[in-house]
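Biologist: I am new to this structure and would like to learn how to read it. Please take me through it one feature at a time.

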There are 2 protein chains.
Amino acid sequence: MNKNGPLSGLLVLDLTRVLVGPYCTMILSDLGARVIKVEAPEVGDDSRSFGPFIDDQSAYFMSLNRGKESIALNLKNENDKKIFEKILSKSDILVENFKPGTLEKWGFGYKKVSKKYPKLIYASASGFGQTGPFKSLPAYDMVVQGMGGLMSVTGHPNSEPTRVGTSIGDITAGLFTTIAINAALYDRKQTGKGMHIDVSMLDCQIAILENAIARYLSKGEIPGPLGSRHPSIAPFEAFKTKDSYIIIAAGNDKLFENMCKVLKINLHTHEKFKNNGNRSKNIDDLKKILELKLQTKSTSEWCKIFEENKIPCGPINNIKNAVESPQVAERNMIVSANHNKIGNFKMAGNPIKMSPYKDPSTRGEIPDLDQHRKKILDEFN
Amino acid sequence: MNKNGPLSGLLVLDLTRVLVGPYCTMILSDLGARVIKVEAPEVGDDSRSFGPFIDDQSAYFMSLNRGKESIALNLKNENDKKIFEKILSKSDILVENFKPGTLEKWGFGYKKVSKKYPKLIYASASGFGQTGPFKSLPAYDMVVQGMGGLMSVTGHPNSEPTRVGTSIGDITAGLFTTIAINAALYDRKQTGKGMHIDVSMLDCQIAILENAIARYLSKGEIPGPLGSRHPSIAPFEAFKTKDSYIIIAAGNDKLFENMCKVLKINLHTHEKFKNNGNRSKNIDDLKKILELKLQTKSTSEWCKIFEENKIPCGPINNIKNAVESPQVAERNMIVSANHNKIGNFKMAGNPIKMSPYKDPSTRGEIPDLDQHRKKILDEFN
């Protein structure tokens with residue numbers, strides 16, 4: 001056993017496609033589990049056809065499936081079902097993100113499977129969950145971002161609808177599913193039993209609303225989008241500088257006072273700005289005053305000055321600058337993996353750093369469709 | 001032992017404040033762990049002073065700290081350190097989100113603590129991590145949203161800077177920390193040893209960039225904000241209707257064809273729109289044609305029609321509509337907890353649904369500052 005993480009020695013049967021499920025099983029793989037990805041014959045994971053492409057290979061797919069083995073199986077075909085069943089019989093965890101009912105139809109629903117394999121952890125991630133009036137509706141990230149309220153608080157007042165620039169509906173559900181699987185593994189150590197995990201993307205959207213949901217449920221206020229502004233802390237937003245913008249997050253009175261001293265403007269003693277409540281009320285006036293001053297230097301000049309004075313601040317990096325940050329390099333957050341046709345491919349690393357385990361900068365291979373068929377068939381028969 | 005989740009019987013010593021840490025320990029509590037929150041005397045968790053308020057109690061704090069016990073301790077005071085040490089000696093997990101080095105200064109750094117308590121799982125969440133050139137810089141959600149690149153892909157082309165309307169920098173780091181703690185619990189069952197977990201908010205921002213990072217690392221393209229539009233799937237955005245907007249996520253050719261049939265417009269056979277690649281190139285033209293049609297009915301009329309035809313769609317709900325959705329109710333995603341001064345308080349529920357465990361609609365009490373002092377002192381001495 002190659003002990004390269006806490007989940008070493010565990011086998012994950014991965015029936016997931018696109019983002020929510022593959023994101024979860026990628027983390028399980030990063031944590032040391034062996035992941036066998038079962039894909040539809042010929043087409044494979046839908047995301048194999050999502051751009052951008054390198055030599056016909058989807059960079060999107062590659063960035064989510066490092067360190068997994070691939071076998072193509074048609075779960076409606078009797079012979080393929082037998083192969084699947086053999087892998088299943090040795091698996092610790094099954095992860096799937098089909099529409100509820102799909103695996104039941106193919107004879108692999110939780111009820112049936114758990115009778116035969118009571119130790120199996122069976123995790124289902126779906127758009128709306130395994131229960132409730134919407135359970136059969138199809139969902140994609142955009143749909144739950146809209147339905148769950150997040151889009152209503154993202155963007156600028158009166159702007160056209162704005163989605164979060166990453167598929168946060170999928171990603172948060174992938175993260176909650178991964179938490180659940182790990183907790184179920186601990187549970188199984190105590191009880192000897194597996195379980196069914198049911199995570200819905202819409203539920204996860206509700207769970208991350210934070211300030212906005214507290215505001216509505218406690219006060220009946222319906223918050224709207226605020227651009228870059230925080231709804232209850234000021235100053236806590238992006239300000240114009242000489243060349244672009246700077247984010248300043250002076251989250252308490254002390255930080256605000258320090259910022260005023262650095263800027264040599266005496267605002268912290270002024271009634272309108274002396275505490276967070278007053279600053280929040282008068283934020284438009286405050287912003288005008290601050291921007292007059294901030295537009296005298298560039299973002300990088302201000303960042304240097306504020307950092308020296310321990311005032312939380314930062315630039316708005318584009319993806320290139322973000323990825324090339326020295327901190328990101330030092331934290332090994334850009335890693336690479338091999339693909340048998342493309343060669344070396346770069347992608348985001350694993351943000352979970354654990355003292356007993358290495359955090360390798362080269363990860364397990366990215367599978368071509370059905371690449372590990374022979375190896376898997378030889379092993380599971 | 002009240003067996004109300006997989007982590008029942010485990011003790012979490014919670015030194016966290018504001019969002020990233022408290023979000024993590026709330027999930028640990030939801031999973032059944034006992035959480036003792038150590039707060040600074042007099043002021044407590046900083047978020048106790050964040051609005052909105054109900055009778056001087058922060059709804060923000062209340063929404064993140066259900067089911068935890070509170071004791072106020074000054075970790076610079078020798079007597080309080082002794083009390084802390086007694087709780088620590090019985091703890092399975094310590095979670096903290098101080099700036100790196102803070103707990104070392106007070107004599108409770110990982111190295112020292114782990115020598116005495118080798119089974120302890122010690123989880124540190126921070127803005128930039130325990131290592132690297134930025135480790136000592138202060139960070140808030142806004143700062144890492146800006147620095148990590150997410151803000152550069154959120155918003156409309158040429159719009160002012162736009163943050164995600166929820167503190168996704170804190171929340172994703174809270175989720176990754178929770179995954180790590182659960183994996184470490186499983187690991188401890190195998191090895192008998194604890195570990196140090198080091199999660200950085202900036203690392204997590206890199207880990208969720210998805211499409212944007214694949215695009216940059218594979219093609220050198222620097223993606224910008226696209227409003228509500230998906231960068232590689234079309235149609236996959238918000239469209240104007242008679243009364244507001246509808247999100248349509250026709251993620252593949254079959255769904256697009258079905259949508260065209262429902263709308264009675266023959267676009268799917270047209271060269272410009274016949275596959276996803278062509279539709280992506282001609283999305284502005286496609287949007288104009290679709291909106292002409294979609295503006296003949298209201299969002300709810302279209303949603304009904306599309307849902308009947310299994311085309312992924314949805315409204316852009318405000319927070320009220322999102323929270324009051326029948327699906328959200330059916331999934332028990334709005335729960336309540338008692339606060340000894342406020343009474344019943346409503347908040348988001350737990351999106352992790354596990355077959356062996358109940359998902360109660362009433363959760364453990366929200367602690368007032370130092371509320372459980374006597375009980376905790378009586379128990380740990």
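Biologist: How many bridges join strand β12 of chain A to β13(A)?

Modeller: Two strands pair if DSSP finds at least two bridges between them. Strand β12 (residues 334-339) of chain A is joined to β13(A) by six bridges, and the two run antiparallel. The names come from DSSP runs numbered from the N terminus: helices are H or I with at least four residues, strands are E with at least two. This is a predicted model, in which local features need pLDDT of at least 70, side-chain atom pairs count only at pLDDT 80 or more, and totals for chains, interfaces and linings use all residues. Residues are numbered from 1 along each chain as its sequence is written, while chains are lettered from A and ligands numbered from 1 in the order in which they are written.

Biologist: Which residue is the bridge partner of S336(A) in β13(A)?

Modeller: K346(A) is the bridge partner of S336(A).

Biologist: What is the strand order of the open sheet of three strands?

Modeller: The order is β13-β12-β15 in chain A, with mixed pairing. β13 (343-348) and β15 (362-366) of chain A are at the edges with a single partner strand each, so one side of each has no neighbour in the sheet. From one strand to the next the twist averages 35 degrees, taken between lines fitted to C-alpha atoms, with angles from 0 to 180 degrees between N-to-C directions.

Biologist: How is chain A related to chain B?

Modeller: Two copies of a chain are related by a rotation about an axis and a shift along it.

Biologist: How many residues of chain A are in contact with chain B?

Modeller: Residues are in contact if their C-beta atoms, placed from the backbone, lie within 7 Å. By that rule 126 residues of chain A are in contact with 126 residues of chain B. Helix α7 (residues 168-191) of chain A gives the largest share of chain A's side, 15 residues. Of the interface residues of chain A, 100% are also interface residues in chain B, so the copies meet through the same surface.

Biologist: Which strand of chain B is joined to strand β8 of chain A?

Modeller: Strand β14 (residues 353-354) of chain B is joined by two bridges to strand β8 (residues 195-200) of chain A, and they run antiparallel. D198(A) stands opposite K353(B) there.

Conventions:
Two residues are in contact if their C-beta atoms, placed from the backbone, lie within 7 Å.
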